[in-house]
Amino acid sequence: MNNKLKADDKKYIGNTFKRYDAVFAKGKGAEITDTAGKKYIDLLAGVAVNLLGYNNPAVNAAMTAQIKKYTHTSNWFYSENQIKLAELLVKNSFGSKVFYVNSGAEATEVAIKIARKWGILHKNGAYKVITMRNSFHGRTIAALTATAQEKFHKYLKPLPEGFMYADFNNIASVEKLIDDKTAAVLVEPIQAEGGVLLPDKNYFKELKALCDKKNVLLIADEVQTGLGRTGKLFAYQNFGFEPDMMTLGKGLGGGLPLSAVVISKKLEDVYTVGDHGTTMGGNPVACAAGYAVLKQINTKTMLKMALIKGNKLMKDLKQLNNSVIKDVRGIGLIIGVELKSDTASDAAAKALKNGVIINACKPNVLRLVPPLIITKKQMDKAVKAIDKALC
């Protein structure tokens, strides 16, 4: 690695990320090449962002075409790309309307604000939001408070009021917390950052029934699980329920900052002019990219292949019979490899040396979220490299 670049990074960049020793020069498909010419198979995909890999021609063309017109105006004017993308999201989900922002955390904030205003208007001032232990909803103050992991709260107290924590996959623990001031339950269909933990078979059907019975909104955090990764366009479609709101981010902008909150019809009149604002959210270039991404992903072939590829990758990892691996789990191309000890960071570093990018989302869990266009040959090479990294 370029030592001057490394030194300047340490000198000028805020110390919030532990860097790996690689500087990338270019990418294509599911592979990225560093400045020394070494190729890597990317099973992290920019933390689940690069759904269609690097340098996708249609996404690049969409962005370029919009850049040649203009890159930004403001949300005080109509935007064709915003509308086209929102129409696709609405027509392929439970949704009625879409709010754009810039990041997953911002989408969480918007969803919480809508839930609280709905509670004030329609449920006698209800404001509480129940989230699940081990969840992750973003790094702004309210989103981190919703993130029910004490390690993220340590230096931020006092935290915003009104957040309560239940156990994932435990309906009784949610029901115990609901009272007449509860506005919403916020939950990830799959706890991705929490170690790729899956819901029990009937969990979401029962949770939705409980929320309806208690007149509580159900919000699905699909920032990481959304947009084809599970073999469905949205992960909730695997579990037999429809939320009242859904947050999206990560891959939505084709690599550009873009997130969204999709709301159901019963909520579409809650937010009115002035309730929220964003200068960059729904940027025309990002929305052009998002439209190109969604058009390519939302086909039967692409969604089916994501599931087939994910099943193959999980099967091959299980068949390694590596003594270090405790469990391999997931749906489609969101996969967790649980290890028998807290050695996931070391394994990720070794895998990088072997030409494969993965990360440790927990001390004992590796997260694999490759681009949906990854090839069989690349998956085979990656499995061998991971096996070697775990020895």
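Predicted model: local features only at pLDDT ≥ 70, side-chain atom pairs only at ≥ 80, totals over all residues.

Biologist: How many bridges join strand 1 to strand 2, and do they run parallel or antiparallel?

Modeller: Strand 1 and strand 2 (residues 31-34) run antiparallel and are joined by four bridges.

Biologist: What is the order of the strands in the open sheet?

Modeller: The order is 1-2-3-13, four strands with mixed pairing. Strand 1 (24-28) and strand 13 (356-357) are the edge strands, each of which pairs on one side only.

Biologist: Back to strand 2, then. Is Thr33 buried or exposed?

Modeller: Thr33, which is found in strand 2, counts as buried because its relative accessibility is 10%, and the cut-off for buried is under 20%.

Biologist: Which residues is Thr33 in contact with, leaving aside neighbours within four places in sequence?

Modeller: On that basis, Thr33 is in contact with Phe24, Ala25, Lys26, Lys38 and Lys39.

Biologist: Now the core. Which residues have the most contacts inside the largest nonpolar core?

Modeller: They are Leu207, Leu366 and Leu368, in a core of 94 residues. Helix 10 (residues 284-297) provides the largest share of this core, with eight residues. Apart from it lies another core, of 22 residues, which includes Ala107, Phe163, Leu217 and Leu267.

Biologist: What does Leu366 touch?

Modeller: Not counting residues up to four places away in sequence, Leu366 touches several residues, among them Ile335, Val337, Leu339, Ile358 and Leu390.

Biologist: A change of topic: how much space lies in the second largest pocket?

Modeller: About 950 Å³. Its lining has 27 residues, and the closest to its centre are Asn75, Gln82, Val98, Phe99 and His276. Helix 4 (80-91) and strand 4 (97-101) are the elements that give two or more residues to this lining.

Biologist: And how does that lining divide by class?

Modeller: The lining of the second largest pocket has 11 nonpolar, 13 polar and three charged residues.

Biologist: How many cavities of 30 Å³ or more does the structure hold?

Modeller: Two. The largest cavity has a volume of about 60 Å³, and its lining has two nonpolar, 10 polar and no charged residues. Asn75 and Gln82 are among the residues that line this cavity. The second largest cavity holds about 40 Å³ of space.

Biologist: Which classes line the second largest cavity?

Modeller: Four nonpolar, four polar and three charged residues line the second largest cavity, including Glu222, Arg229 and Lys250.

Note on methods:
Residues numbered from 1 in each chain as written. Heavy atoms only, no water. Pairing = 2+ DSSP bridges. 1 Å grid on protein atoms, 1.4 Å probe; cavity = no way out; pocket = protein on both sides within 12 Å on 5 of 7 lines; lining within 4 Å. Points joined across faces, edges and corners; volume = space filled by probe spheres on them. Nonpolar A, V, L, I, M, F, W, Y, C, P; charged D, E, K, R; others polar. Core = buried A, V, L, I, M, F, W, Y, C linked by side-chain atoms within 4.5 Å. Buried < 20%, exposed > 50% of the residue type's maximum accessible area, 1.4 Å probe, protein only. Contact = heavy atoms within 4.5 Å.
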